[in-house]
Amino acid sequence: MSALAGGFTDAPVEAARAFRGIMEAMARPGRIEMVAGAVPPAPLSPAAGAVLLTLCDPETPLHLAGETDCSPVRDWVTFHCGAPLVAAEAAAFALGDWAALQPVSRFAIGTPDYPDRSATLIVEMPELLAEGAVLRGPGIADTAALNLPEIEAFQANRRLFPLGFDVLFTSGNRVAALPRSTEVG
Amino acid sequence: MYVAVKGGERAIEAAHAWLAEERRGDVEVQELSVAQIREQMSLAVARVMAEGSLYDPDLAALAIKQARGDLIEAIFLMRAYRTTLPRFGASRPVETGDMACDRRISATFKDLPGGQVLGPTFDYTHRLLDFKLAAEGGAEPAPRAEPAPEAVPHVMGFLNQEGLIETEASSDAAPPDLTREPLELPADRPLRLQALARGDEGFLLGLAYSTQRGYGRNHAFVGELRLGTCAVEMDIPELGFAIEIGEVELTECETVNQFTGSKTEPPQFTRGYGLVFGRAERKAISMALVDRALRAEELGEDLSGAPAQDTEFVLAHADNIQATGFLEHIKLPHYVDFQAELELVRKLRAGVTREAAE
Amino acid sequence: MTSAPDTKEENSARKRWLAILAKTPHARLLALTEGLSAPHEVLRAPEIGAVMVRGRAGGTGAAFNLGEMTVTRCSVRLAEGPVGHGYVQGRSKEAALRAALVDGMMQTAVSSQLEAEVLKPLAAEAAARVRDRAEKAAATKVDFFTLVRGEA
């Protein structure tokens with residue numbers, strides 16, 4: 001029954017803090033923020049758990065990719081978030097490591113009238129470091145750096161702007177973001 | 001020219017304080033409790049729940065108290081509160097056929113299983129002011145009778161058996177939700193019904209009346225009007241089955257309307273439908289008439305250009321919170337906009353005066 | 001969920017008591033379960049939220065969203081094992097917690113005592129409320145009698 005444990009113990013406060021962390025990360029692409037309070041089942045990182053608890057509910061269809069699609073995770077998500085589990089094409093959020101999420105062209109990129117009807121990918125990473133790919137664009141004063149799993153996919157996604165998916169990277173209790181508006185070089 | 005101004009904070013604070021005092025009224029008169037409003041102003045509570053789109057009698061009563069009895073202001077308070085709630089999910093569609101009916105009448109069939117049950121209705125009162133109530137007299141206990149064990153099926157079922165009325169195609173598909181996605185046209189019937197269920201009673205009453213007077217006439221009979229309590233059932237993922245999570249009072253109206261048939265359909269009766277939180281039969285009947293009028297296009301009827309048949313017109317103007325928000329905002333400062341208008345009119349006048357002089 | 005597969009019968013018993021708990025006025029539930037407790041941990045803290053109530057076009061047709069209702073829910077795990085879920089109509093964190101405890105304890109050895117002291121009286125009171133309205137409604141049922149039958 002571990003599926004029922006590991007939610008926020010003080011949901012209003014912890015969810016507000018996690019939301020703040022995620023918002024800061026999204027507003028300042030590449031910046032690494034802490035998000036805590038969740039104890040999800042393996043293989044999820046605490047950060048990915050906190051992101052799910054904060055952003056997902058019965059109205060945000062979730063796609064579990066690769067190893068995350070296991071019964072402890074499915075049960076935990078169902079109890080704590082209530083998010084319906086769906087195929088990649090129908091997802092508002094998708095969770096997995098970068099390899100498991102391929103091909104990312106499956107995910108919703110929004111429509112010209114409603115660019116917000118797009119997917120947010122939660123990419124589990126072995127580690128998060130402020131080095132590697134160079135990031136430019138809104139929310140970045142000069143340049144930022146992040147150890148992205150690859151470059152090309154994010155450059156292609158940037159070319160779709162204002163359509164495209166947004167990405168959160170999680171590792172341990174850390175989160176960083178790459179919104180569709182960021183140029184990757 | 002753009003001038004930013006700031007100020008009025010002290011005036012606003014004083015206005016709030018005076019508002020609170022005016023709300024309380026004469027302190028020599030006993031204060032109203034929320035429970036008193038809930039129990040004794042129950043039809044106002046019902047309207048605030050229906051148009052506030054949130055079933056919670058205590059909250060609606062509080063909103064009415066806070067709004068000093070201004071029901072649209074109270075509905076605004078309910079709408080604002082509901083946006084703060086996490087949504088646990090959606091219920092299974094309520095089974096109105098299983099309703100515990102306080103009232104159930106049909107204007108089309110005299111003798112029907114379950115009978116004509118009047119319930120606590122205003123219909124046969126004389127509309128004379130009752131000065132006994134001014135003396136705060138208690139009510140006599142209502143008479144009682146042995147309830148009949150028979151079921152109270154929907155009247156429409158009888159017409160269905162003969163094939164004289166269109167059948168509703170049952171569907172459990174997740175309906176669109178205009179509290180989550182902006183209204184888009186064309187709007188299908190589930191979306192229209194949601195908009196009408198939370199729409200302004202006065203607006204729907206006026207539109208429904210216009211169809212009776214000939215603007216998009218479709219000649220409605222009240223096939224059935226029922227009012228009572230229904231259980232609300234929801235699937236609970238962690239349990240793996242559905243449970244009842246509460247019960248709601250509902251008013252339901254089904255109309256039978258003439259339809260002469262079309263190229264593809266033989267002559268038969270068609271239906272209009274109204275379903276509203278609480279006791280709200282004027283609203284439920286109005287909703288059913290407007291629902292039917294909005295079906296003109298899908299039924300292949302001649303569109304007469306009547307307002308009640310115009311989906312965009314009806315849906316865009318039915319919501320009293322949207323309407324009052326836009327209407328009332330024009331009393332707030334528009335100094336800059338007006339300054340521009342003023343200069344334009346002065347310029348035009350100057351031009352006219354010059355021409356006249358030449 | 002991966003909880004032990006309940007039989008249909010166990011489900012229907014549990015559905016019955018969860019429905020009673022959900023519909024009982026909060027003050028009554030709190031009064032009747034005062035002092036009721038069992039060692040437990042809170043799995044999901046009491047939370048006030050909304051459920052979208054759906055109807056059907058024409059009473060039998062396509063589902064549509066009618067409006068929301070307030071609901072409070074809570075989940076606990078008793079020290080002796082069972083998990084209790086409480087869903088109550090309206091806004092009361094205390095009532096949701098108490099309902100979750102009752103649901104959990106109904107899966108333990110004290111179930112027959114709880115059934116007799118809490119659920120049975122609550123079910124009887126609910127039935128009496130329904131009966132009360134049904135009797136008054138029955139008194140307003142129309143008995144038609146024919147005055148004159150017009151025949152040409």
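**View 1. B:Gly89 is bridged to C:Val51, its partner in strand S1 of chain C.** Strand S2 of chain B, residues 87-90, is joined to S1(C) by 3 bridges, and the two strands run parallel. Two strands are said to pair if DSSP finds at least two bridges between them, and the strands themselves (E, at least two residues), like the helices (H or I, at least four residues), are DSSP runs numbered from the N terminus. Strands of a sheet pair through backbone hydrogen bonds, in either a parallel or an antiparallel sense.

This is a predicted model, in which local features need pLDDT of at least 70 and side-chain atom pairs count only at pLDDT 80 or more, while totals for chains, interfaces and linings use all residues. Residues are numbered from 1 along each chain as its sequence is written, chains are lettered from A and ligands numbered from 1 in the order in which they are written, and side-chain values use heavy atoms, with hydrogens and water left out.

**View 2. Chain C meets chain B through 55 residues of chain C and 80 residues of chain B.** Contact here means heavy atoms within 4.5 Å. Together the two chains bury about 5,900 Å², of which 59% is on carbon and sulfur atoms; buried area is the accessible area (1.4 Å probe) that two parts lose on being put together, summed over both. C:Arg54, C:Leu66 and C:Glu68 supply 12% of the area that chain C buries against chain B, more than any other three residues.

View 3. On the side of chain C that touches chain B, the elements giving two or more residues are helix H1 (8-23), strand S1 (40-56), strand S2 (63-78), strand S3 (83-89) and helix H4 (111-139) of chain C. S1(C) provides the largest share of that side, 11 residues. The residues of this side of chain C divide into 24 nonpolar, 14 polar and 17 charged, where Ala, Val, Leu, Ile, Met, Phe, Trp, Tyr, Cys and Pro count as nonpolar, Asp, Glu, Lys and Arg as charged, and the others, Gly among them, as polar.

**View 4. C:Leu97 lies in helix H3 of chain C, residues 93-105.** Not counting residues up to four places away in sequence, C:Leu97 touches C:His40, C:Pro46, C:Cys74 and C:Val76. The C-alpha atoms of C:Leu97 and C:Val42 are separated by 8.8 Å, although these residues are 55 residues apart along the chain.

**View 5. Four strands of chain B form an open sheet in the order S3-S4-S5-S6, with antiparallel pairing.** The edge strands, strand S3 (100-105) and strand S6 (270-277) of chain B, each pair on one side only. Strand S5 of chain B, residues 241-257, pairs with S6(B) in the antiparallel sense over 8 bridges, and B:Thr251 stands opposite B:Val276 in S6(B). Helix H10 of chain B, residues 281-294, packs on the sheet, where it touches S3, strand S4 (220-236), S5 and S6 of chain B, and its direction makes about 145 degrees with that of S6(B). For such angles, axes are lines fitted to C-alpha atoms, for helices over the stretch in contact, and the values run from 0 to 180 degrees between N-to-C directions.

**View 6. An open sheet of 6 strands in chain A has the order S1-S8-S7-S4-S3-S2, with mixed pairing.** Strand S1 (33-34) and strand S2 (62-64) of chain A stand at the edges with a single partner strand each, so one side of each is left without a neighbour in the sheet. Strand S4 of chain A, residues 120-124, and strand S7 of chain A, residues 166-171, pair in the parallel sense over 5 bridges, with A:Asp166 in S7(A) as the bridge partner of A:Thr120.
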